[in-house]
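These are my notebook entries on one structure. I set down what I looked up, topic by topic.

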Amino acid sequence: MLVNNMIDLSVSSQFITVSNETHSLAIELNPDQSSAHEFNRPKDIIKENASESFCETFDGNAPIVSSSFSSCGKLFVCCCHKDLSLWNVGDWKLIGKKTIQRSANKVLFTPRNNVIVADKSGDVYLHLLADFNLPGSLLLGHVSMLLDVLVTPNEKYIITCDRDEKIRVSLFPKSYIINSYCLGHEDFITYIHLIPHDPSMLVSSGGDGTIRFWSYEVGTELLVHSLRDDISNLKKEEVSQIVSHRGLVSAFDSNSSLLFSSVFKVNSILVHMIINSGNNISCNLWRVIETDHTPLCFKLNEPGMLWTILHNETNPLVVFEIKSDGCNESNSSVVEKVREAFKKYPEFFKNIDIHERFISSLAKKRFDNEGEYYKRKKERLSKKPNVKRIAS
C-alpha cells in the first residue's frame with residue numbers, strides 16, 4: 001500500500017479536477033450548483049498492471065500524476081504511471097483507455113486536440129484523437145528524463161526540457177529535425193512556457209534557482225533572473241538549493257505577462273511581471289502570495305482565478321483573484337461550493353506527497369574524485385609502517 005499520494009490539478013472554464021493514482025474528481029464551477037463526478041481509473045488497466053503499477057517510483061515515492069483539459073474544454077486526459085485515459089467532459093464518458101509503454105511525467109493536448117505524452121525514459125509520443133485506442137507514435141527522444149513539453153499554438157514546434165539542463169526545439173510533427181537548443185541552465189529544468197503577450201519568447205526555470213528567457217527559434221538566451229534575492233525575506237533559514245518547482249504564465253495586458261512560480265519548501269507563490277519591448281526584457285517580482293502550507297499545484301482559469309492545492313488535509317483548496325492591483329483570496333460562492341464538495345472526498349487529500357524525494361532524485365550527485373583518491377591512498381600508507389616517505 002502506498003504511503004504517499006501524488007496529486008494533480010486541472011481547471012477549465014466549467015470544471016476543476018483533482019487526480020491521484022486511482023481516481024479523478026471533477027467539480028462543476030457553477031454558482032447555482034457544483035455537481036461532482038468521481039471516476040475511477042479503468043479496472044481492467046488496474047488489474048493488468050497490479051503487479052507493477054506501483055513499483056516504478058522515485059526512492060519509494062508514488063508515480064507522477066499528470067492531467068489536462070483541451071483548449072476547447074470539451075476533453076480531459078489523465079495519466080498515472082502507465083495508464084492513459086481520455087474523457088468527454090460533456091457527460092464524463094470514457095472515450096479511450098490504454099496502457100502506454102513507460103511511466104509518464106507529462107500529458108497535454110496539442111492545439112488540434114491530439115494527446116502528447118512525455119515519459120521518464122526521455123521519449124515523447126503522439127496519440128491521435130481519432131485513433132486513441134491505438135498505440136502512440138514516437139516523436140522524439142532524449143537521453144535524459146523529460147520533465148516538461150509544449151507544442152506551439154501554430155503546431156510548428158515541439159519544445160522539450162530534461163534533467164540534463166537542455167531545452168530542445170524540434171519541428172512538429174517531424175520532430176527528428178532539431179531546430180535549435182536553448183542552453184544555459186546549470187541544473188534540471190522543471191517547466192517551460194511560452195510568454196502569452198509575445199509567443200516568440202520562452203521562459204524556463206528549475207533546479208538552479210534562475211528564471212531564464214529565450215528567443216527559442218534561434219536558441220538565444222535573452223535574460224537570466226535569480227530567485228535567491230526574491231525569496232531571501234520569505235524564509236528565516238538559509239535555503240541550500242533554490243528549486244523552482246511549478247510555474248505557469250498568464251497575459252496581464254498587451255505588453256506584459258505574469259509568471260506564477262513556487263519554490264520548493266517555501267510557503268508562497270511568487271508572481272513576476274514580465275515586460276519586453278523589442279530586445280529589452282525585464283522580470284521583476286510583482287507580488288508574493290503567502291500561503292499557510294506548501295502549494296503543491298496551481299492552475300489559472302478565467303476570469304483570473306488562481307486555484308491552488310495546498311499540503312493540508314483538512315483545507316486543501318485556496319483560490320486567489322488576480323487583478324491589476326494585486327492578488328486577493330477569494331471566498332466566492334463557487335469557491336465555497338467546491339470546498340464543500342472536497343469535504344465529501346477526504347481520501348483524496350490524505351498523505352499528499354510534497355515531491356521531496358522526486359526533487360532530490362533529480363539533483364545530480366557531485367563527487368570529489370581526486371580528494372577521495374588521496375584519502376584512500378593516505379589510509380593505505382598508514383597501514384604500512386615500513387614504507388619510506390619521500391619528502392615532497
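**Entry 1: aromatic rings**

I began with phenylalanine 76, which counts as buried at 0% relative accessibility. Here buried means under 20% relative accessible area, exposed over 50%, and partly exposed in between, with a 1.4 Å probe and protein chains only. The model is predicted, so local features need pLDDT of at least 70 and side-chain atom pairs count only at pLDDT 80 or more, while totals for chains, interfaces and linings use all residues. Residues are numbered from 1 along each chain as its sequence is written, and side-chain values use heavy atoms, with hydrogens and water left out.

I then searched the whole structure for aromatic pairs and found 12. Rings of Phe, Tyr and Trp (its six-membered ring) pair if their centres lie within 6.5 Å; planes under 30 degrees apart are stacked, over 60 edge-to-face, and the rest tilted. The pair of phenylalanine 39 and tryptophan 87 is tilted, because the ring centres are 4.5 Å apart and the planes are at 45°. Phenylalanine 39 lies in strand 4 and tryptophan 87 in strand 7, so this pair ties together parts that are 48 residues apart in sequence. I noted that both residues are buried.

The rings of phenylalanine 76 and tryptophan 92 have centres 5.7 Å apart and planes at 70°, so I recorded this pair as edge-to-face. Phenylalanine 76 is in strand 6, and tryptophan 92 is in the loop between strand 7 and strand 8. Tryptophan 92 counts as buried at 10% relative accessibility. One aromatic cluster takes in Phe15, Phe39, Phe69, Phe76, Trp87 and Trp92.

**Entry 2: overall make-up and cores**

I listed five helices and 28 strands for the protein. Helices (H or I, at least four residues) and strands (E, at least two) are DSSP runs, numbered from the N terminus. Of the 392 residues, 54% are buried.

Next I looked up the largest nonpolar core, which has 23 residues; Ile16, Val18, Trp307, Val338 and Phe342 have the most contacts inside it. Helix 3 supplies the largest share of this core, five residues. A core is a set of buried Ala, Val, Leu, Ile, Met, Phe, Trp, Tyr and Cys residues joined through side-chain atoms within 4.5 Å. Beyond its neighbours within four places in sequence, valine 18 has contacts (heavy atoms within 4.5 Å) that include Asp8, Leu25, Ile309 and Phe342. Apart from this core lies another, of 17 residues, among them Met201, Ile231, Val266 and Leu270.

**Entry 3: salt bridges**

I counted 13 salt bridges, each a side-chain nitrogen of Lys or Arg within 4 Å of a carboxyl oxygen of Asp or Glu. Aspartate 8 pairs with arginine 246, the closest N and O atoms being 4.0 Å apart. Aspartate 8 lies in strand 1 and arginine 246 in strand 21, so the bridge ties together parts that are 238 residues apart in sequence. Aspartate 8 is buried, at a relative accessible area of 5%.

In the bridge between aspartate 208 and arginine 212 the closest N and O atoms are 3.5 Å apart, and both residues are buried.

Glutamate 347 and lysine 350 also form a salt bridge, at 3.4 Å from N to O. Glutamate 347 is exposed, with a relative accessible area of 55%, whereas lysine 350 is partly exposed at 36%.
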